[in-house]
Amino acid sequence: MPPHSPSAAGVPDEGDERSAPPVRQALSDSVYERIKAMVMDHEIAPGARVGIEALARTLKVSPTPVREALARLESDGLVVKRALSGYRATQLLTRQGLDQLFEMRLLLEPRAAALAAVNASEEQLDGLERILEEMQAHPSPHGRYASYRDFAALDQRFHEALGQAAHRPLLADAVERLHAHLHIFRLSKVVGAGDPTVAEHERIVRALLRRNPERAAEAMTEHLTRSLERQIEDSGDEPATP
């Protein structure tokens, strides 16, 4: 599911209990995004312990929204909770881990694209087109997480919306649980990744609109293969031997 974004909320009038939940949610979302940015930017180093009390002091909030944020980040795969030692930031993907992530994606997402070409509703196709248009309006991601957060969220929404459009709940759930966008964007500064990603998404959408499952699967395979190649090139590694 898409990442939560901080939302504006006014301070409730004293005694107005109906206003409390939205304000609390806004605080929870804000703390979640701030800690998430710290993990994505390696301000909290990969593998480092994440102390609830220390984060609460740094962010000038109580421990409660920090605990809530860390539970959400654990679901995202960005932190892990260990017995007796609390939370730690997850390690970055190794080359082997990156290969395995894309191996899973290449098994799941071309099939999802083929099914979406057959099963997607017109409303779902319209939604994918809108996400693509929003991505076209964003510059290529670079620098710190704050500069590419929206692009990363749109990339996530695109792949998860396509999974939903396949009308195979277990397949859609598997695509969502990979959290591929977070792991990939966390690996590098992804300079220049925006333009090819958007162009590849455009080819997928064109195949979906034409209701062509074979071409949709091919376009998704091409996109994932090139995405992996960009990651390998960025890291300076040689492609793995099949």
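## Confidence along the chain

This is a predicted model, and its mean pLDDT over the chain is 86. Of the chain's residues, 83% come in at 70 or more.

Two stretches deserve a careful eye. Across residues 1-19 the pLDDT stays under 50, and the model gives this stretch 26 contacts beyond four places in sequence. Residues 238-242 also have pLDDT below 50, with six contacts in the model beyond near neighbours in sequence.

## Leu 108 in helix H4

Let's turn to helix H4, which covers residues 95-119 and includes Leu 108. The relative accessibility of Leu 108 is 15%, so this residue counts as buried, the cut-off being under 20%.

What is Leu 108 in contact with, once neighbours within four places in sequence are left aside? The partners are Leu 171, Ala 174, Val 175 and Leu 178. For Val 175, the C-alpha atoms give a spacing of 6.9 Å from Leu 108, although 67 residues separate the two in sequence.

## Glu 176 in helix H7

Helix H7 spans residues 169-177, and Glu 176 is one of its residues. Is Glu 176 buried, partly exposed or exposed? Its relative accessible area is 23%, so Glu 176 is partly exposed: that class lies between the 20% limit for buried and the 50% limit for exposed.

Gly 163 makes a handy reference point for this residue. Glu 176 and Gly 163 sit 13 residues apart along the sequence, and their C-alpha atoms are 8.0 Å apart in space.

Key:
Residues numbered from 1 in each chain as written. Predicted model: local features only at pLDDT ≥ 70, side-chain atom pairs only at ≥ 80, totals over all residues. Heavy atoms only, no water. Helix = DSSP H or I, 4+ residues; strand = E, 2+ residues; numbered from the N terminus. Buried < 20%, exposed > 50% of the residue type's maximum accessible area, 1.4 Å probe, protein only. pLDDT = per-residue confidence, 0-100. Contact = heavy atoms within 4.5 Å.
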